[in-house]
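The sequence and the structure are shown first.

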Amino acid sequence: MDAPDYPALLERIAADVAPLVGSGTPAEYIPALADVDPRQFGMAVADLDGNVHGVGDWRVPFSAQSVTKVFALALALAEGGDSLWERVGREPSGNPFNSLVQLEYENGIPRNPFINAGALVVTDRLQTLTGDASSELLEFLRQESGNPAVGFDPEVAASEHEHGDRNAAVAHFMASYGNIDNPVPALLDHYFWQCSIEMTCADMALAARFLARHGLRADGSRLLTRSEAKQINAVMLTCGTYDAAGEFAYRVGLPGKSGVGGGIVAVVPGTCTLAVWSPGLDARGNSVAGVAALDRFTTLTGLSVF
């Protein structure tokens, strides 16, 4: 199958979802995100060779938030192997991303690595393995995207700290079960800086290419085994969009990971990676226009994992 005409395709998708841009609500519980203009939309696609195409605000940096959890997971697996799965599950949660309810029933083992509890365990593991989890992640994103300007947003990090009581409670709760190795304040610091990383759609699509390239990094070296890349894609499909993962799989049919900054990264294994951003969120924390754009992409191209 020939590659789609990506520029024309993206223009059509942007036109199709234009009525939805501005609908939804930016993440209000993080003040630094609540002030972002919701009338923005960008989308980018990167092929396996690193050619990237975009439309709209695809070069505007935005807060990656939970999208960074995919990259932290990949680094933790690459550095430390499958032992991570003894501390975090691989099942959909069915509960909001910041819920504490399941942790008590399941003895401090988070349901998956993409809810906040699971991401804290992943960051804790990466901190133990590297000694500087947030900086390691940032350097990886700079290398894979080819953009040394990818960086932290101190305002967002401070906002996360000031409104991070629920994450602190989750981390302390897991520590009480012995599922956190590092001091909770240090862990939270790395986690909040991780969530504050700013990227563009182009950066995000390029950085995720290793998941479409079956574990190969941009320079051709191997980050993950083919099996590990498959595993991350599988967990993205089933758990990557909070408690709306079933709906996302139904509509889009691709592994994806969303963030409350309005970004979503998606993977077509063996073909390309996609990143879309629009700050207006639905009730479950996913970009309204972003999900619709990915839905249009798979509908128009027939590209999905099904």
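This is a predicted model: local features need pLDDT of at least 70, side-chain atom pairs count only at pLDDT 80 or more; totals for chains, interfaces and linings use all residues.

Contact here means heavy atoms within 4.5 Å.

On the side of helix 8, the residues Asn167, Ala168, Ala171, His172 and Ala175 meet Val184, Leu187, Leu188, Tyr191 and Phe192 of helix 9. Helix 8 covers residues 165–176 and helix 9 covers residues 184–195, and the two pack at an angle of about 135 degrees with their axes 10 Å apart. Angles over 145 degrees count as roughly antiparallel and those of 65 to 115 as roughly perpendicular, with angles between these ranges counted as oblique, and helix 8 and helix 9 are therefore oblique to each other.

Helix 8 also packs with helix 5, where the angle is about 65 degrees and the axes are 10 Å apart. That contact is made by Asn116, Ala117, Leu120 and Val121 of helix 5, together with Asn167, Val170, Ala171 and Met174 of helix 8. Its residues divide into 6 nonpolar, 2 polar and no charged. The table sets out the two pairs.

| Helix pair | Angle | Axis distance | Crossing |
|---|---|---|---|
| Helix 8 and helix 9 | about 135 degrees | 10 Å | right-handed |
| Helix 5 and helix 8 | about 65 degrees | 10 Å | right-handed |

In soluble globular proteins, nonpolar side chains tend to be buried together. In this model the largest nonpolar core has 65 residues, and those with the most contacts inside it are Phe71, Leu141 and Ile232. Helix 3, residues 68–80, supplies the largest share of this core, namely 8 residues. When neighbours within four places in sequence are left aside, leucine 141 is in contact with Phe71, Val150, Ile197, Met199 and Ala207. A second, separate core has 26 residues, including Phe41, Val252, Leu254 and Val291.

Leaving aside neighbours within four places in sequence, aspartate 132 is in contact with Gln127 and His190. The C-alpha atoms of aspartate 132 and phenylalanine 152, which are 20 residues apart along the chain, are separated by 14 Å.

How values were computed
Residues are numbered from 1 along each chain as its sequence is written. Side-chain values use heavy atoms; hydrogens and water are left out. Axes are lines fitted to C-alpha atoms, for helices over the stretch in contact, and angles run from 0 to 180 degrees between N-to-C directions. Helices (H or I, at least four residues) and strands (E, at least two) are DSSP runs, numbered from the N terminus. Angles under 35 degrees count as roughly parallel, over 145 as roughly antiparallel, 65 to 115 as roughly perpendicular and the rest as oblique. A crossing is left-handed if the near helix is turned anticlockwise from the far one by less than a right angle, and right-handed if clockwise. A nonpolar core is a set of buried Ala, Val, Leu, Ile, Met, Phe, Trp, Tyr and Cys residues joined through side-chain atoms within 4.5 Å. Buried means under 20% relative accessible area, exposed over 50%, partly exposed in between (1.4 Å probe, protein chains only). Ala, Val, Leu, Ile, Met, Phe, Trp, Tyr, Cys and Pro count as nonpolar, Asp, Glu, Lys and Arg as charged, and the others, Gly among them, as polar.
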